[in-house]
Each structure stands twice: as structure tokens, then as C-alpha cells.
Amino acid sequence: MERAIPLYKTTLTQYEQVLGNTHPHTLSSRNNLASAYYTAGDLERAIPLYKTTLTQYEQVLGNTHPHTLSSRNNLASAYYTAGDLERAIPLLEATLAQCEQVLGDTHPDTLNSRNNLAHAYYAAGDLERAIPLLEATLTQREHVLGDTHPHTLNSRNNLAYTRRAAAVAQQPDTATPATAPDHQPPSDTPEQSV
């Protein structure tokens with residue numbers, strides 16, 4: 001990322017100068033820079049850029065345009081990664097509802113959105129809401145992507161792990177899933193959109 005971030009910054013500056021602050025190419029460039037910061041673990045820089053990009057996508061393309069939905073997903077994923085579930089969950093819920101409405105139940109972006117919301121519910125300790133979403137995601141990924149696609153395999157693993165965590169939580173006098181010695185979060189963490 002050390003070499004990519006300066007290139008993204010230069011590109012964004014040039015897009016702003018040539019095309020303006022809210023041109024779709026400028027917004028895409030801003031999203032790319034935010035994603036580079038996110039990947040580098042610099043959430044203090046990523047989150048404000050994601051917020052700005054989302055606001056501008058909403059103004060320029062509307063609330064339900066696929067680029068706006070991807071932008072909302074990216075901001076929510078950054079909040080999730082920062083541990084801010086109070087901001088992440090409502091954004092993820094809104095994104096999923098809009099993806100289902102605009103893109104359909106089995107579009108890859110809808111499946112990513114459903115997966116991300118399930119992860120947030122899991123992180124919040126709400127396994128009763130996480131499990132049905134993981135079940136739906138697995139079923140739809142099997143149907144759309146096939147049984148052996150990496151996203152399908154991750155979904156299967158995540159569902160198994162979450163069911164195991166729910167079973168452990170129901171056992172009396174045992175550690176909770178989050179405090180169990182072998183606790184590992186689901187393998188498929190929030191998925192960023194391109």
C-alpha cells in the first residue's frame with residue numbers, strides 16, 4: 001500500500017481538478033483511496049473519505065444506485081472493522097434492504113451485504129439474527145456461485161462456526177462463544193465493494 005496510496009492521492013487530485021469534485025470518476029477514485037487506507041489499516045483516513053464519497057454518491061446518483069449501495073457497504077464495513085457496531089449495523093441493514101429491492105435477492109452485492117450484516121450481528125452477540133442470514137447467504141451462494149466457490153465455502157464455514165458458537169452459548173456453566181479459549185471469528189470478514 002505504501003506505493004499505491006500516493007498514486008491514488010495523485011489520481012484523485014487530478015480527477016477533482018479536471019472533472020470536478022462530484023463526477024462519478026472522481027467519486028470512484030475517492031472510494032479507491034479510501035479502500036487503500038482501509039486495507040492499510042488506516043481507518044482514521046478511510047472513514048472520512050468513505051463518508052464523503054457516500055454523501056456525494058447519494059447526491060449525484062441517488063440512494064439506491066449500485067455505486068451508492070457499494071459505497072454505503074464500504075463505510076459500514078469500515079465502521080465494523082473499527083468496532084463501531086452502533087453505526088455499522090443500521091447502515092448494513094439499510095444496504096441489504098436496498099440491495100434486495102434494487103439488485104434482487106441473489107445478486108453478488110446482495111449476498112455480500114447479507115454476509116456483512118450477519119457478521120455484524122455475530123460481533124454484537126446476536127446469534128439469533130446472524131444464523132438465519134448466514135443460512136440464506138449459504139443457500140443463495142450455493143445456487144448462484146456453486147458448491148465449491150470460495151465465497152460458498154466461507155459461507156458454509158461461517159454458518160458452521162456460528163451454529164457451534166450458539167450451541168456453546170446454550171450449554172450451562174461453559175464459556176460464552178466470545179470468551180471460549182479457541183474462539184475464532186468467522187473467516188469471511190466484511191467484504192468491501194469495488
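Predicted model: local features only at pLDDT ≥ 70, side-chain atom pairs only at ≥ 80, totals over all residues.

Modeller: Residues are numbered from 1 along each chain as its sequence is written, and side-chain values use heavy atoms, with hydrogens and water left out.

Biologist: How many helices and how many strands does the secondary structure of the chain come to?

Modeller: Helices (H or I, at least four residues) and strands (E, at least two) are taken as DSSP runs and numbered from the N terminus. Read from the N terminus on, the elements run α-α-α-α-α-α-α-α. The secondary structure therefore comes to eight helices and zero strands.

Biologist: What percentage of the residues in the chain is buried?

Modeller: Buried means under 20% relative accessible area, exposed means over 50%, and partly exposed lies in between, with a 1.4 Å probe and protein chains only. Contact means heavy atoms within 4.5 Å, and among the contacts with a separation of 6 or more, residues 24 or more positions apart account for 56%. Of the 194 residues in the chain, the buried ones make up 42%.

Biologist: How are α4 and α5 oriented to each other, roughly parallel or roughly antiparallel?

Modeller: Axes are lines fitted to C-alpha atoms, for helices over the stretch in contact, and angles run from 0 to 180 degrees between N-to-C directions. Helix α4 (residues 66-81) and helix α5 (residues 85-102) pack at an angle of about 155 degrees, with their axes 8 Å apart. Angles under 35 degrees count as roughly parallel, over 145 as roughly antiparallel, 65 to 115 as roughly perpendicular and the rest as oblique. The two helices are therefore roughly antiparallel.

Biologist: Into how many nonpolar, polar and charged residues does the contact of α4 with α5 divide?

Modeller: On the α4 side the contact includes L69, R72 and Y80, and on the α5 side it includes L85, R87 and V102. Ala, Val, Leu, Ile, Met, Phe, Trp, Tyr, Cys and Pro count as nonpolar, Asp, Glu, Lys and Arg as charged, and the others, Gly among them, as polar. The residues of this contact divide into eleven nonpolar, three polar and two charged.

Biologist: What is the orientation of α2 to α4, and which residues make the contact?

Modeller: The axes of helix α2 (residues 24-39) and α4 come within 11 Å and cross at roughly 20 degrees. That makes α2 roughly parallel to α4. The residues of the contact divide into two nonpolar, five polar and no charged, and they are N31, S35 and Y38 of α2 with N74, S77, A78 and T81 of α4.

Biologist: Which residue forms a salt bridge with R114?

Modeller: A salt bridge is a side-chain nitrogen of Lys or Arg within 4 Å of a carboxyl oxygen of Asp or Glu, and a search of the whole structure finds ten of them. The closest N and O atoms are 3.4 Å apart, and the partner is D105.

Biologist: Which residues are linked with D126 in a network of salt bridges?

Modeller: The side chains of D126 and R129 meet in a salt bridge at 3.4 Å, N to O. D126 counts as partly exposed at 23% relative accessibility, and R129 is partly exposed at 39%. The residues linked with D126 in the network are E93 and R129.

Biologist: Is T53 buried or exposed?

Modeller: T53 lies in helix α3 (residues 43-61). Leaving aside its neighbours within four places in sequence, T53 is in contact with L27, R30, N31 and S71. With a relative accessible area of 0%, T53 is buried.

Biologist: How far apart in space are L61 and P24, C-alpha to C-alpha?

Modeller: L61 is also placed in helix α3, and at 29% relative accessibility L61 counts as partly exposed. Not counting residues up to four places away in sequence, L61 touches H67 and T68. L61 and P24 are 37 residues apart in sequence, and their C-alpha to C-alpha distance in space is 8.5 Å.
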